[in-house]
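Q: Please take a close look at one part of this structure, starting from a single residue and what it touches. Then place what you find in the wider setting, for someone who has not seen the structure before.

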Amino acid sequence: MQALDIALKDIRHSFTSLFGLVFMFVVPLLIVGLMTVAFGGTAASKQQAFSVPVTKVVLANLDAGDQEVDLDPSDSNPSTTAGDLLTHLLASGEMKQLMTITTVASAKAARDAVDGRTAEVAVIIPTAFTKACMEGVPGGAVEVYQDPTLTLGPDIVRAVISQFADEFASVRIMTSTATASFTAAGLTPSTDRITRAIRQFVSEATANKGASGSLKVEAPPAKQQKSANLLATILAVNMAAMMIFYVYYTGTAGAESILLEQEQGTLQRLFTTKTAPAVVMQGKMLAIVLTTILQMLVLMLFSALAFGIRWGGILPIAIALVPTALCASAFGVFLISFLKTTRQAGVVFGGVVTATGMLALASVFTMSVPSAAQLGQRIALFVPQGWSLLAFRQAMDGASLGSLLTTAAVMLVWTTVMFVVGRARMARRFA
Amino acid sequence: MENTLAIQVQDLHRSFGQNRAVDGVSFDVLRGEIFSLLGPNGAGKTTTISVLSCLLRADSGDALVMGHSVSTEPRLVKASIGVVPQEVALYSDLSARENLLFWGKMQGLRGAPLAHRVDEVLDVIGLTDRQKDRISTYSGGMKRRVNIAVALLHKPALVIMDEPTVGIDPQSRRSILDNVKQLRDQGTTVLYTTHYMEEAQELSDHVGIMDHGTLVAVGTQRELVQSVGELDRIQLRLTGPAETLLDTWKTIEGIHNVASEDGVVTVLAADSNRVLPRLFESAASAGVRITSVDVQEPNLEAVFLRLTGRALRD
Ligand SMILES: Nc1ncnc2c1ncn2[C@@H]1O[C@H](COP(=O)(O)OP(=O)(O)OP(=O)(O)O)[C@@H](O)[C@H]1O
Ligand SMILES: [Mg+2]
């Protein structure tokens, strides 16, 4: 009963302190809120999902064509060039999601547009482009001139062009192979037939996106769906990470109240009352555990409503949450047991709690970098926060109960070790 | 004998590293009396009290509090005492009433009896009309009064107060001293520590004088003063370079002790009539002017000076 009285007093203290509230709720929600805004819209409203910016492209098509290759004999225009095809491709409907094309007459005009910032990328198709494409002769490289501060837009343009060049290379190889086989068979290659074959291929390349070997610009709806899901995952993991980062903070701040009570003499006074010292400490511990649980519940509820974060089923979440609360409390008692005054606590908050929290965040920072992800996850597991985060990710990913329980068990081991050491050190002080 | 004693301290020792804070202290406190521990800063008063209230373990020796050993029966000891710590120990973000309710619960009180008792003690300390205000908005004297009230909630048979009047206004001090006497009149035993001689003089039935971890004398005020013998207490005010003069005075025949505090020099002498002319003589030759002289009966201050060679506050 007295333990509960002490716990309620402490909880009330944490929830009426502005500083405590800011660190428990405002900061973690603010960070995730900022991330949501930065990535354009919430995961909940998929309409506004992440999209690649539209790049302004100016294009100078200098391609002189090749008299011997009329790509489209049926066309009234006798000299359709590879340059025209590329221009057409870049300006096509599918590409409008990625770039807008303005054509200019000269290479200089194109470069000037970029230098003058009216365009972000200049594409200059050289005179010998068709020749180069059809015959593999050098001097046919398309120049991509860009604003050096940009990366994503120019990269996309470059990717589209190189894809086009690849398509043409295969057309060329096919043509020469065909010509060679006709010749070997003692036949005179029919320009007409070859042209027809090329036409078919090119039209496939520019029109039919589904066919293999064609340009792989993903259909916009599919892409948006995918990025929306990715964003939701990133946000959810970050929210969990922020929550855990600050829950361990709360655990330490809660344990710090033991030092604070010692400094204001109320702890000693409690020890002179009828209430047994063990009960006093139980009350203090209970307060920390309940505060961290309340903090997590509020953060989860709020982030679910505001950011559409899906935390997982009630049972998995409970299996992640309760051991996390215990672990964060034990973590606090453990750290604080090394201190003599609350003035030293700044070092613990700024140093140990933040540093260990950052180690746990390694698994979040490296999440979308495949080469580092595994290392990041391994580093995170050196600190208790890492295990808490793992548990919440498992709960969110719908991992098996077995693996979740294993993570919870590891957290309980952490809890026991830290609590036993912390408690022993504290008990020695108040002998 | 045993049930007439509230406290029996037996050869108590407690050190902090090399510092022997309490070094072989023994005394008895009768039930229903006010017993003062009088001593300067660092004498070991708080350390003694901490052992008696089971906050500190004694290195050796023991104490019986209301018949229970502090080393083997701390729970029984705690249940029978109320402790007023030297520093105000309250939750400053809670109101006086909330503090009292909380501390009452820690003493096992609940519900209506607790609420009723809180009303009573608020009335005793005269803070009924400020009870809803946060402690952080209180004056030093008001905080000290609440600090005392917390120790009275469960009506303990023994109240231990550690310098409850330090640094407060005369009005709050008056009210606290009256509260202490009131407690005694209701049958409560009070162990009171102070470094104010006047307080010990006004309150105490018995006084223990502490210095450097030892009890240099215990007794009623009358007994203690008699132990100084027939010495006169001469108080003088001086202007001029007095330091070497005081050393000279210590060598004058018939002078037992010389101590200086806050510009007032106290001289203990067997016969003031014979000593005073020599004091004026040596002052004149040292170029020091004596601006006032006062000859008094010995008091607790004189006892302390006689026993330790020092003023109570130096
Ligand atoms: N926790 C402690 N650690 C180390 N030394 C201590 C501790 N508590 C007290 N002391 C030392 O023990 C001696 C006695 O201190 P104590 O507080 O008992 O004196 P006091 O008579 O209560 O003095 P005051 O009038 O200043 O309160 C002092 O020298 C003090 O420095
Ligand atoms: Mg003291």
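A: Leaving out residues up to four places away in sequence, A:Asp5 touches B:Phe102, B:Lys105, B:Met106 and B:Arg110. The model is a predicted one. A:Asp5 sits in helix H1 of chain A, which runs over residues 2-16. Its relative accessible area is 11%, and because the limit for a buried residue is under 20%, A:Asp5 counts as buried.

The buried residues of H3(A) are A:Ala82, A:Gly83, A:Leu85, A:Leu86, A:Thr87, A:Leu89 and A:Leu90.

The partners of A:Asp5 belong to chain B, and the overall figures for that chain come next. Chain B holds 11 helices and 14 strands. Its C-alpha trace spans about 75 × 40 × 35 Å along the principal axes. Of its 314 residues, 52% are buried. If one takes the contacts in chain B between residues at least 6 apart in sequence, 68% of them join residues at least 24 apart. The chain exposes about 13700 Å², and 47% of that area is supplied by carbon and sulfur atoms. Chain B carries 32 positive and 40 negative side chains, with the centres of the two sets 6 Å apart.

Ligand 1 has 13 residues around it, of which B:Gly42, B:Lys45, B:Thr46, B:Thr47 and B:Glu163 come nearest. A polar backbone atom of B:Gly44 is 2.9 Å from an oxygen atom of ligand 1. At B:Lys45, a backbone N or O atom lies 2.8 Å from a ligand oxygen atom. At B:Thr47 the atom concerned is a polar one of the side chain, 2.5 Å from an oxygen atom of ligand 1. Ligand 1 taken alone exposes 630 Å², of which the protein buries 62%. Two elements of chain B give two or more residues to the shell around the ligand, namely strand E2 (19-30) and helix H1 (45-52). H1(B) gives the most, with three residues.

Is this helix mostly covered or mostly open? H1(B) is mostly covered, with seven of its eight residues buried. Those seven are B:Lys45, B:Thr47, B:Thr48, B:Ile49, B:Ser50, B:Val51 and B:Leu52. After H1(B) comes B:Cys54, with a positive phi near 65°.

Positive phi values also turn up elsewhere in chain B. B:Glu163, named above as one of the residues that come nearest to ligand 1, has a phi near 40°, positive although the residue is not glycine. B:Glu163 lies in the loop between E7 and helix H6 (170-185). Its relative accessible area is 4%, so B:Glu163 is buried. B:Lys155 is another non-glycine residue with a positive phi, about 50°. The loop that holds B:Lys155 runs between helix H5 (140-152) and strand E7 (158-162). B:Lys155 has a relative accessibility of 57% and therefore counts as exposed.

B:Asp205 can be followed through its contacts. The residue is in the loop between helix H7 (197-203) and strand E9 (206-211) of chain B. Its relative accessibility is 30%, so B:Asp205 counts as partly exposed. Neighbours within four places in sequence aside, B:Asp205 is in contact with B:Glu33, B:Ile34, B:Arg184, B:Thr220 and B:Gln221. With B:Ile34, a polar atom of the B:Asp205 side chain lies 2.8 Å from the backbone nitrogen. With B:Arg184, the link is a polar contact of 3.0 Å between the two side chains. The C-alpha atoms of B:Asp205 and B:Ser36 are 8.0 Å apart, while 169 residues separate the two along the chain.

B:Asp123 is in helix H4 of chain B, residues 111-124, and is exposed, with a relative accessible area of 55%. B:Asp123 and B:Thr193 are 70 residues apart along the chain, and their C-alpha atoms are separated by 25 Å.

Key: Residues are numbered from 1 along each chain as its sequence is written. Chains are lettered from A and ligands numbered from 1 in the order in which they are written. This is a predicted model: local features need pLDDT of at least 70, side-chain atom pairs count only at pLDDT 80 or more; totals for chains, interfaces and linings use all residues. Side-chain values use heavy atoms; hydrogens and water are left out. Helices (H or I, at least four residues) and strands (E, at least two) are DSSP runs, numbered from the N terminus. Buried means under 20% relative accessible area, exposed over 50%, partly exposed in between (1.4 Å probe, protein chains only). Contact means heavy atoms within 4.5 Å. Accessible areas come from the Shrake-Rupley method with a 1.4 Å probe; for residues, only the protein chains shown count as cover. Lys and Arg count as positive and Asp and Glu as negative; His and the chain ends are not counted. The place of a charge is taken as NZ of Lys, CZ of Arg, CG of Asp or CD of Glu. A residue is near a molecule or strand if one of its heavy atoms lies within 4 Å of it. A polar contact is a pair of N or O atoms within 3.5 Å; within protein, one must be able to donate a hydrogen and the other to accept it, and residues adjacent in sequence count only if both atoms are side-chain atoms.
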